[in-house]
Amino acid sequence: MDVETIITTLLFLSLFGLNSSYRTHIFVNEKKNWKDAQEHCRKHYDDLSTITSLDIEIFCRNSKIPDDFFFCGLQRDIQNSGWMWSNGEPATINEWDIAQGSDPGENCAAIRKSTKKLHDYGCEGKLTFYCMTDLDLILETKTWDEALDYCIERNTTLASMNSSTIMDLAVNMAENALTVNVWTGLRFLMAHWFWVNGGDLEYKVWSNEAEVQCPAMNQRCGALDRDRRVWNPKNCQERPNFFCSIRRR
């Protein structure tokens, strides 16, 4: 995977500067059809990018984009005769080029670099694309299960950090945490570690430089150690801050 450009924006900062939410967009310089691009983003990050007009402006400045068109997360909502994002949210963006957005034969959308506008595009066409990942740092202190419930109640889940890009973002955000360790979505059950949002566990940064194959019964939840920049198996009843992220569909 050839990642060329990373763009991070502050989405939300709560009252009194507590909880914060950041979105990172990652340009992937591989040509895939829309569905394969979606699968790639969901495996390595969170999803194909949900974007704003400002994002289009910024994306189109990327000199590494090889062609005039590239995919984002916009697809036609066949049932409701409109457009929606890859994560299922309805799309209200209105940055269509002239005579675009209405071709029933092209059910995906691409950004045209030369005009900085959206175009209808066939889903089977192969283009480069942007992925995204969202992270919310929650400055409340909860057990691992309580933190998971908190995220799920807000239609998110405890975050996975299954790439160096997400890990770097999390480490930077964790500098504002009130606890050294911050809960992630890592859990040990049925003799293996996994991310609760379904992400792969190929990327690993365990504190002892190896995955803990059989942790003690009270050390079966995974936290990010913000000072050492590694994952630690921790007691699930501890109460640090935690990260929420996009809930996989």
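Let's start at Cys244, which counts as buried at 2% relative accessibility. In this predicted model, Cys244 forms a disulfide with Cys151, with the sulfur atoms 2.0 Å apart. The link is left-handed, with -80° about the S-S bond. The pair connects distant parts of the chain: Cys151 belongs to helix H3 (residues 144–153) and Cys244 to strand E14 (residues 241–246), 93 residues apart. Cys151 is buried too, at 0% relative accessibility.

## The other cysteines

A search of the whole structure finds four disulfides. One of them joins Cys41 to Cys131, S to S 2.0 Å, and its torsion of about -75° makes it left-handed. Here helix H1 (residues 34–44), which holds Cys41, is linked to strand E8 (residues 127–138), which holds Cys131, across 90 residues. Cys41 is buried at 0% relative accessible area, and Cys131 is buried at 0% as well.

Another disulfide runs between Cys108 and Cys123, S to S 2.1 Å; this link is right-handed, with 100° about the S-S bond. Cys108 lies in strand E6 (residues 108–112) and Cys123 in the loop between E7 and E8, so the bond ties together parts 15 residues apart in sequence. Cys108 is buried at 2%, whereas Cys123 is partly exposed at 25%.

With the bonded cysteines numbered in sequence order, the pairing reads 1-4, 2-3, 5-8, 6-7. Cys60 is in no disulfide, and the nearest cysteine sulfur, that of Cys72, is 10 Å away. For Cys72, the closest cysteine sulfur is that of Cys108, at 9.4 Å, which is too far for a bond. Both are buried: Cys60 at 8% and Cys72 at 0%.

## Aromatic rings

The structure holds 12 aromatic pairs. In one of them, the rings of Phe69 and Tyr121 have centres 5.5 Å apart and planes at 45°, so the pair is tilted. This pair links strand E4 (residues 69–77) with strand E7 (residues 117–121), its members being 52 residues apart. Tyr121 is partly exposed, at 22%.

Trp206 and Trp231 make an edge-to-face pair, because their planes meet at 90° with the centres 5.6 Å apart. Both residues are buried. They also belong to a cluster, linked by ring pairs, with Phe188, Trp193, Trp195 and Tyr203. Trp193 is found in strand E11 (residues 192–195) and is buried at 3%.

## Charges over rings

The charged end of Arg154 sits over the ring of Tyr150, 3.6 Å from its centre. Arg187 lies over the face of Trp144, 5.3 Å from the ring centre.

How values were computed. Residues numbered from 1 in each chain as written. Predicted model: local features only at pLDDT ≥ 70, side-chain atom pairs only at ≥ 80, totals over all residues. Heavy atoms only, no water. Helix = DSSP H or I, 4+ residues; strand = E, 2+ residues; numbered from the N terminus. Buried < 20%, exposed > 50% of the residue type's maximum accessible area, 1.4 Å probe, protein only. Phe/Tyr/Trp six-rings, centres within 6.5 Å; stacked < 30°, edge-to-face > 60°. Lys NZ or Arg CZ within 6 Å of the ring centre and 35° of its normal. Disulfide = S-S within 2.5 Å.
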